[in-house]
Amino acid sequence: MGAPGALPCEGSLRILVVGAGGVGGYFGGLLAQAGHSVAFLARGAHRQAIERQGLIVHSLHGDFTLHPARVAESPDELGPQDAVVVAVKHYDLAHAARRLAAAVDDETRVVPLLNGVDAHRLLAEGLGGGQIVGGTCSIASRIEAPG
């Protein structure tokens with residue numbers, strides 16, 4: 001049995017990545033490659049490029065493309081997830097948190113991967129459900145082009 005609040009380690013998890021940019025795209029891509037059912041929340045040209053060509057990741061550890069990649073514009077399209085990785089810019093966090101209600105239930109773990117000492121508080125205020133767990137990453141990344 002895992003630690004309290006831990007996600008199950010067996011089988012595929014349903015994971016929503018909010019913010020499919022440098023951080024969310026990279027870690028979400030790795031989770032998808034590991035066999036999890038990952039959906040990316042994206043909009044505009046970024047969403048269109050991911051739908052058309054997949055999510056393309058260039059990395060010092062190896063390049064890969066997720067094609068097809070699951071992408072949605074709204075969490076309403078996906079329903080409750082096992083985990084939600086939040087990788088938006090801090091100034092978008094409160095708005096993103098309010099939009100996530102459809103993807104979060106009492107069993108969902110929400111993992112913030114962004115700058116900001118108040119990320120946990122803003123997520124808790126916006127969601128009111130699910131369980132927010134600590135998250136940290138150290139990565140230098142950028143978006144070269146949509147998708």
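# Briefing on a predicted protein chain

The secondary structure of the protein chain amounts to 4 helices and 8 strands, where helices (H or I, at least four residues) and strands (E, at least two) are DSSP runs numbered from the N terminus. This is a predicted model, in which local features need pLDDT of at least 70 and side-chain atom pairs count only at pLDDT 80 or more, while totals for chains, interfaces and linings use all residues. Residues are numbered from 1 along each chain as its sequence is written, and side-chain values use heavy atoms, with hydrogens and water left out.

**Overall fold and dimensions**

- Read along the sequence, the elements of the protein chain follow the pattern β-α-β-α-β-β-β-β-α-β-α-β.
- Taken along the principal axes, the C-alpha atoms of the protein chain fill a box of roughly 35 × 35 × 30 Å.
- Of the contacts in the protein chain with a separation of 6 or more, 66% are between residues 24 or more positions apart, a contact meaning heavy atoms within 4.5 Å.

**Surface and charge**

- Buried residues make up 40% of the 147 residues in the protein chain; buried means under 20% relative accessible area, exposed over 50%, and partly exposed in between (1.4 Å probe, protein chains only).
- The accessible surface of the protein chain is about 8200 Å², and 52% of this surface belongs to carbon and sulfur atoms; the areas come from the Shrake-Rupley method with a 1.4 Å probe, and for residues only the protein chains shown count as cover.
- The protein chain carries 11 positive and 14 negative side chains, with the centres of the two sets 6 Å apart; Lys and Arg count as positive and Asp and Glu as negative, whereas His and the chain ends are not counted, and the place of a charge is taken as NZ of Lys, CZ of Arg, CG of Asp or CD of Glu.

**The aromatic pair and Tyr26**

- The structure holds 1 aromatic pair, and Tyr26 and Phe27 form this pair in an edge-to-face arrangement, at 5.2 Å centre to centre and with 75° between the planes.
- Rings of Phe, Tyr and Trp (its six-membered ring) pair if their centres lie within 6.5 Å, and planes under 30 degrees apart count as stacked, over 60 as edge-to-face and the rest as tilted.
- Tyr26 is buried, with a relative accessible area of 16%, whereas Phe27 is partly exposed, with a relative accessible area of 25%.
- Tyr26 is found in helix α1 (residues 22-33) and, not counting residues up to four places away in sequence, touches Gly21, Val57, Ser59, His61, Phe64 and Ile139.

- Val38 has its place in strand β2 (residues 37-41) and counts as buried at 6% relative accessibility.
- Apart from residues up to four places away in sequence, Val38 touches Ile15, Val17, Gly28, Leu31, Ala32 and Arg70.
- Val84 belongs to strand β6 (residues 83-86) and is buried, with a relative accessible area of 0%.
- Leaving aside neighbours within four places in sequence, Val84 is in contact with residues including Leu16, Val18, Leu100, Ala103 and Val111; Val84 and Val18 are 66 residues apart in sequence and 7.2 Å apart in space, C-alpha to C-alpha.

**Other local features**

- A cis peptide bond, with omega about 0°, joins His67 and Pro68, and Pro68 is placed in the loop between β4 (64-66) and β5 (70-72).
- Most peptide bonds are trans.
- Ala94 lies in helix α3 (residues 93-99) and is partly exposed, with a relative accessible area of 28%.
- Ala94 and Ala119 are 25 residues apart in sequence and 8.6 Å apart in space, C-alpha to C-alpha.
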